[in-house]
Amino acid sequence: MTELSTVTEAKAKTVPTLPDATTVLEVKHWNDRLFSFKVERPQSLRFRSGEFVMIGLMGDVNPKTGKAKPLLRAYSIASPNWEEHLEFYSIKVPDGPLTSRLQHIKPGDQIILRPKPVGTLVVDALLPGKRLWFFATGTGIAPFASLMREPEVYEKYDEVILMHTCREVSELEYGRQLVEHIKSDEILSEIEDGKLRYYPTTTREEFHHMGRVTDNLKSGKVFEDLGIAPINPETDRGMVCGNLAFNKDIMAILDGFGLREGANSEPKEYVVEKAFVD
């Protein structure tokens with residue numbers, strides 16, 4: 001079945017009935033732990049590439065009240081702000097309150113989407129620079145999937161480097177295909193103009209680049225492998241998205257290079273998304 005037919009059938013299958021509902025257009029399972037999905041974009045939704053929204057499903061009915069409450073979690077929008085649909089990238093948690101259900105959605109199903117995007121991983125939260133780093137582990141690549149397709153990123157930076165670490169090679173496939181698409185797409189490749197560099201690594205399965213993002217930064221291996229100068233606060237800017245331990249480690253490393261943490265209200269040399277660390 002083609003993507004077009006999947007989308008068409010999904011639109012025709014249901015009419016939203018949930019609060020803040022949107023219809024699932026496409027679902028792709030990358031392995032037994034990761035999946036991505038696309039949903040209809042509400043016409044009124046405006047967001048900056050790199051921001052997140054709350055999405056979810058209705059929970060079980062409370063036998064005492066006879067009512068159900070929505071199960072909502074913060075998810076980065078993985079599609080750029082110019083795309084007609086919204087894309088999300090998720091881990092599968094067998095006993096997770098939401099992901100244990102969300103991983104079974106199909107085209108035509110509905111999910112809840114609260115149309116209030118927020119987040120710190122936006123270009124406006126950084127001071128001007130020449131080289132932009134994206135530091136991610138696992139599904140932390142999602143906001144960068146949006147930003148890597150954002151024209152403003154390439155207008156503001158001479159070089160964009162994505163460092164993405166996962167345990168196994170199959171967990172890198174989403175990012176690998178995305179980067180390949182950007183560089184081969186007629187329109188996106190013209191915008192990217194050879195500025196995007198991709199540095200994927202694994203920590204368990206054998207791969208041509210191995211090691212954690214943090215270790216490859218501290219040892220200088222990434223600079224040696226890419227043939228570039230170390231991080232300099234005068235020219236380098238960074239964005240960080242991962243679990244709490246990863247975020248703290250990267251922040252300490254970037255602080256050591258002389259970079260300072262910024263925010264929407266006070267742009268500095270790097271920003272960290274903290275909405276996904278609970």
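Select R197 first: R197 is partly exposed, with a relative accessible area of 28% (buried means under 20% relative accessible area, exposed over 50%, and partly exposed in between, with a 1.4 Å probe and protein chains only). This is a predicted model, in which local features need pLDDT of at least 70 and side-chain atom pairs count only at pLDDT 80 or more, while totals for chains, interfaces and linings use all residues. Residues are numbered from 1 along each chain as its sequence is written, and side-chain values use heavy atoms, with hydrogens and water left out.

**Salt bridges**

E159 sits in strand β8 (residues 159-166) and R197 in strand β9 (residues 196-202), so the pair links distant parts of the chain, 38 residues apart. Helices (H or I, at least four residues) and strands (E, at least two) are DSSP runs, numbered from the N terminus. E159 counts as buried, at 19% relative accessibility.

Next, select R131 and D236. They form a salt bridge whose closest N and O atoms are 2.4 Å apart. Since R131 lies in strand β7 and D236 in strand β10, the pair ties together parts that are 105 residues apart in sequence. Are these two residues buried or exposed? R131 counts as buried at 9% relative accessibility, and D236 is buried as well, with a relative accessible area of 1%.

Move to helix α4 (residues 151-156) and show K156 and E152, which are four residues apart and thus separated by about one helical turn. The side chains of K156 and E152 form a salt bridge at 3.1 Å, N to O. K156 is partly exposed, with a relative accessible area of 41%; E152 is partly exposed too, at 25%.

To see a network of salt bridges, select D32, R33, R167, E168 and E171, which are linked in this way. The count of salt bridges in the structure comes to 21.

**Helix α9**

Select residues 244-256, which make up helix α9. At 1.5 Å a residue, its 13 residues should span 18 Å, and the end C-alpha atoms are 18 Å apart, which agrees (the expected span is 1.5 Å times one less than the number of residues).

Colour F246, N247, I250, M251, I253 and L254, the buried residues of α9. They cover an arc of only 165° around the axis, which puts them on the same side of α9 (the arc is that of the directions from the helix axis to the C-beta atoms). An α-helix has 3.6 residues a turn, so residues three or four places apart point the same way. What do the buried residues of α9 pack against? They pack against β7 (131-137), α7 (213-218), β10 (236-241) and β11 (270-272), where contact means heavy atoms within 4.5 Å.

Turn to the face of α9 away from its buried side to find the exposed residues K248 and G256. At the start of α9, a side-chain oxygen of N243 reaches to within 3.3 Å of the backbone nitrogen of A245. α9 is followed by G258, whose phi is positive, near 95°.

**Aromatic pairs**

The structure holds nine aromatic pairs (rings of Phe, Tyr and Trp, its six-membered ring, pair if their centres lie within 6.5 Å; planes under 30 degrees apart count as stacked, over 60 as edge-to-face and the rest as tilted). Select F35 and F37: their ring centres are 5.6 Å apart and their planes at 20°, so the pair is stacked. Both F35 and F37 are buried.

Then select F223 and F257, an edge-to-face pair at 6.1 Å centre to centre and 85° between the planes. F223 belongs to helix α8 (residues 221-226) and F257 to the loop between α9 and β11, 34 residues apart, and the pair links these distant parts of the chain. F223 is buried at 7% relative accessible area, whereas F257 is partly exposed at 24%.

Show F35, F37, Y75 and F88 together; ring pairs link them into a cluster.

**V53**

Finish on V53, in strand β3 (residues 52-61). V53 is buried, with a relative accessible area of 1%. Leaving aside neighbours within four places in sequence, the residues in contact with V53 include Y75, F88, L113 and P117.

Technical notes. A polar contact is a pair of N or O atoms within 3.5 Å; within protein, one must be able to donate a hydrogen and the other to accept it, and residues adjacent in sequence count only if both atoms are side-chain atoms. A salt bridge is a side-chain nitrogen of Lys or Arg within 4 Å of a carboxyl oxygen of Asp or Glu.
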